[in-house]
Amino acid sequence: MKNLIFLFVALILMQSVSAQTTDPKDTEVWEPEPKVVTPGKMNTAPSDAIVIFDGKNLDAFTDLSGNPASWTVADGVLTVKPGTGDIQTRQYFGDMQLHLEWRSPKVVESEGQGRGNSGVFLQSRYEVQILDSYRNRTYSNGQAGSVYKQHMPLVNASVAPGEWEVYDIIFRAPRFNKDGIKTSSAYVTVIHNGVVIQNHSEIKGTTEYIGMPKNEAHGKAPIKLQDHSNLVSYRNIWVREL
Ligand code: MG
């Protein structure tokens, strides 16, 4: 009887040992293989990016009525032409990685929200604020890198006005069901000058200057840049669809 019990326990032990892998190859995943992308060098786009602005022209943009955009392009730089209105990409986007570089005017003429204000609206609706937030106090959820009036940035990574700043934005679009009800919020991660300032922040709905965010169903939509009357400049804008 003792021998039988011993045999039984031994069998169970052997089984549990055999269920545990001893071969490191068992946990290796080889397929699919991530495709090779050649990284950009010194501020150029990677090989699989959709280039929105490379310093040459505004062909990728229109005004909000669909007419050619009339902001200023000079010396490889795109600058807001105050009073001409926002511009938006001809192409529509959903989930994406967006890279853009921006610069607030070196000559400081105002303060708060009036200083170097522009903005990048993801899917035309969700603003990641662009503002000269270098020693320029305003409401926290309205400073540079905020999801405007929804999420303040984790830190203030701004550099002095007149210097180029970089946003790398990872955006997951909201999902809606066939009845137009939101089933998943949009999420955004923002890296500002190499510093994470939004870490998978939930976007509650549309950016509203007054009142609460809204959540009407929509599909892919343009990237919009804001004319807030300040001479904010842009360069090197590209997107990778995700
Ligand atoms: Mg703005």
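Student: How many bridges join β4 to β15?

Tutor: Strand β4 (residues 77–79) and β15 run antiparallel and are joined by 2 bridges, with L78 opposite Y234. Strands here are DSSP runs of E of at least two residues, numbered from the N terminus, and two of them pair if DSSP finds at least two bridges between them. This is a predicted model, in which local features need pLDDT of at least 70, side-chain atom pairs count only at pLDDT 80 or more, and totals for chains, interfaces and linings use all residues. Residues are numbered from 1 along each chain as its sequence is written, and side-chain values use heavy atoms, with hydrogens and water left out.

Student: And what about β6 and β15?

Tutor: Strand β6 (residues 96–103) is joined to β15 by 7 bridges, again antiparallel, and H99 has W238 as its bridge partner there.

Student: Why is β15 described as largely enclosed?

Tutor: Because 7 of the 9 residues of β15 (residues 233–241) are buried, the strand is largely enclosed by the rest of the structure; buried means under 20% relative accessible area, with a 1.4 Å probe and protein chains only.

Student: Switching topic, which residues hold the magnesium ion's protein donors?

Tutor: They are N117 (OD1), S118 (O), E127 (OE), Q129 (OE1) and Q226 (OE1), lying 2.2 to 2.4 Å from the ion. Donors are N, O and S atoms within 2.8 Å of the metal (3.2 Å for Na, K and Ca), and since water is not among the atoms, sites may look incomplete.

Student: Is E127 buried or exposed?

Tutor: E127 is buried, at a relative accessible area of 3%, and Q129 is buried too, at 1%.

Notes:
Buried < 20%, exposed > 50% of the residue type's maximum accessible area, 1.4 Å probe, protein only. Helix = DSSP H or I, 4+ residues; strand = E, 2+ residues; numbered from the N terminus.
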